[in-house]
Amino acid sequence: MCAAGRRWGRRQRALLWGVLLAAWEAAWGQLRYSVPEEMPKGSFVGDVAKDLGLQLPELRDRGVHIVSEGTTQYFSLHGKTGHLVTSERIDREQLCRLVEKCVLRCELIVEGQMQVYRIEVEITDINDNTPSFKEAEVEERMSEVTAPGSRFPLAEAHDPDSGRNSLQSYELSGDEHFSLAVQAGPGGDQRPELVLAKALDREEVAFHELVLRASDGGDPARTGTARIRVTVLDANDNAPVFSQAEYMVRVPEDVPVGSTLITVTATDLDEGLYGHVKYSLKKVSDMSSDIFHLDSGTGEITLLRSLDFEEGNSYELEVQARDGGGLFDTAKVVITVTDINDNAPVISVRSALSEISEDAPSGTVIALLHVDDRDSGANGEVRSSLTGTIPFRLEKSFDDYYRVVTARELDREQVSEYNVTVRAADGGSPPLQSSAVLALRVLDVNDNAPVFAEERYSARLVENNAAGALVLRVRATDADWGQNARVRYRLSEGRVRGAPLSSYVSVQAETGALYALRSLDYEEVRELQLWVRAEDGGAPALSSNVSVRLLIVDENDNAPQVLYPPAAPSGGVWSGVELAPRSSEAGALAAGSLTRWLVLAVAAVSCLFLAFLLLLLALRLRRWHRQQLLPANSGALRGVPVSHFVGMDGVRAFLQSYSHEVSLTADSRKSQLRFSGASCCDTLPARPPPDEPAPLLGDEDPA
């Protein structure tokens, strides 16, 4: 109750001073009032009628009314009292978050007098906000080798109130190893830092629990707290380092939500956990935290909601990069909001090749380009690329320069010319783009050997051909171009019947025509096997070989010759007389003793062959006779189990002795063979001596 009374008293004194000030300024056509924020609707602001010397009836008769700036009417004129009162609940932090002094303006129109009076109402701050931290619990990681006196920035508390009601002081409690230091920022803000007062020992204490308390200057003071948990880590001797101390980016106000505005990059020379960097926003206003998002892993700053140039044209962020050991670095990010995108990127070809050899190594530079966009921010950020599926790629050289290089080896035989289209598009929405075309011709390299149309060639040539006759044509092609594709043919070295192959056939170097150089004789050479080489005009030359088979076809060009009797000696005449012995009988051959022996040999061979045929026939008859005596219908004699037989090579014998009777008749179908079961025994009979052959079953004595 006492605190509420004191606050009410302060408000009344403020109103009294406001009334006195308004009375003095009324004579100058301008009224100034002051009212605390968060006053309920209908609260008294000032006595306009009294300050202007107007009677209450005149307010109604002269048509007096209030006109406010903007779409929301925060004040109105009470018709019965002539008082200026609030028509809406006023939150100073919402209306004037970016300015120190919050003033709302309106005009009082007196239509009867055609007078306009300007009214300015200052909205004073009350201590209605408690200092608060963005995170209620903060984890700090420190190496145990951190030197005493090291400082670590802590998250700042935020109090939207102003003046004495805003944030005034910080206080740290919880552990003797740490103390608190507060630094003054460029704008007069207080930046708390955690100071290591005593060396850490992870083996002794692995965690330290601290409480950071922020207080404002209100009466009574409001306090906000954040819990700090310090984790002691092993050694970490390299802190992250940002690639830039200050990042600046300009973006259009119509940039799409979700766009990446800029990427901050910090590197840490340590490895493992100590080299892993995480990013966070340390100093950021409530409004900025609603607009921008920092990816803790990639460092990308993206847009959470649409920008409005009229609402804010510049934002400043403080980014911290912290490694796994607790070491950190900070950088400043300034984001400037700009308008429109009206300039397309300009591609300038600084240097370019018109020809390139097909054996140029991968990575050969064919063009140097400069890409420029006169716009700023995202509108001036150009993305360049090559269109189509081509063996080239675009590399960033430095600044706005790009290099077009070969991505792999070229092949002129597949593509001999390229039109490389380079396309550049800016980051506007919609993006503007331009393109440039590079014409490039691929020069040939002798990288293809001649290839014959067939794997092998063959031809038939009738003997006694004319010298110079065309035998066949071989043909080879080369995929290269120009001199590298010019094919010449020649024979590989060889010999035929002791003579060089080139004396038999030749090949025309330009056409590949194969000619016979001499008349060929089937009785001397029946086949020619040769190799033809095709060689291109490259340096060094490439070549390939193909086999050619030439078959000589016989023709009837030789008369029969008498081998015997031999021809008469040179210059003599064969008498035609053959001598025969005096004892020769009629019908005897007169060709001599050699002829007789030939006849005897033929007769002897014929006799031996006939004897062999007779012997073979006799063996066949004997086998057939045995099969008739011992039919093999079921593999055993009728009435004798199969298990009582043993056989080898078609000959069967009984395993037991049997007493049997045989009855044979002229009709073999009625013959009988009876066994007597009582006379059998489990022994095989003794083998008969060699001079007494074993009788066949059909040859036994019937008794």
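**The cavity and beyond**

Guide: The largest cavity is lined by Phe133, Val138, Leu154, Ala155, Leu212, Ala226 and Ile228. Keep in mind that this is a predicted model. The space in this largest cavity comes to about 40 Å³. How many cavities of 30 Å³ or more does the structure hold? The count is 1.

Next, turn to the charged side chains. Side chains of opposite charge can pair when their charged atoms come close. The structure holds 20 salt bridges. Take Glu140 and Arg322, which form one of them. Their closest N and O atoms are 3.0 Å apart. Glu140 sits in strand E9, residues 137–143, and Arg322 sits in strand E24, residues 314–322, so the pair ties together parts that are 182 residues apart in sequence. Are these two residues buried or exposed? Both Glu140 and Arg322 are buried.

Move on to Arg191 and Glu156. Their side chains meet in a salt bridge, at 3.7 Å from N to O. Arg191 belongs to strand E14, residues 190–196. Glu156 is in the loop between strand E10 (151–153) and strand E11 (157–158). This pair therefore ties together parts that are 35 residues apart in sequence. Arg191 is partly exposed, because its relative accessible area is 23%.

Further along is the salt bridge of Glu355 with Arg441. Here the closest N and O atoms are 2.1 Å apart. The pair links distant parts of the chain, 86 residues apart. Glu355 is in strand E27, residues 355–357. Arg441 is in strand E33, residues 433–443. Glu355 counts as partly exposed, with 36% relative accessibility. Arg441 is partly exposed too, and its relative accessible area is 35%.

Salt bridges can also be found in a network. One such network links Arg32, Arg105 and Glu120.

Pick out Phe612. This residue has its place in helix H6, which covers residues 593–629. Why does Phe612 count as exposed? Its relative accessible area is 52%, and exposed means over 50%.

Definitions and conventions:
Residues numbered from 1 in each chain as written. Predicted model: local features only at pLDDT ≥ 70, side-chain atom pairs only at ≥ 80, totals over all residues. Heavy atoms only, no water. Helix = DSSP H or I, 4+ residues; strand = E, 2+ residues; numbered from the N terminus. Buried < 20%, exposed > 50% of the residue type's maximum accessible area, 1.4 Å probe, protein only. 1 Å grid on protein atoms, 1.4 Å probe; cavity = no way out; pocket = protein on both sides within 12 Å on 5 of 7 lines; lining within 4 Å. Points joined across faces, edges and corners; volume = space filled by probe spheres on them. Salt bridge = Lys/Arg side-chain N within 4 Å of Asp/Glu carboxyl O.
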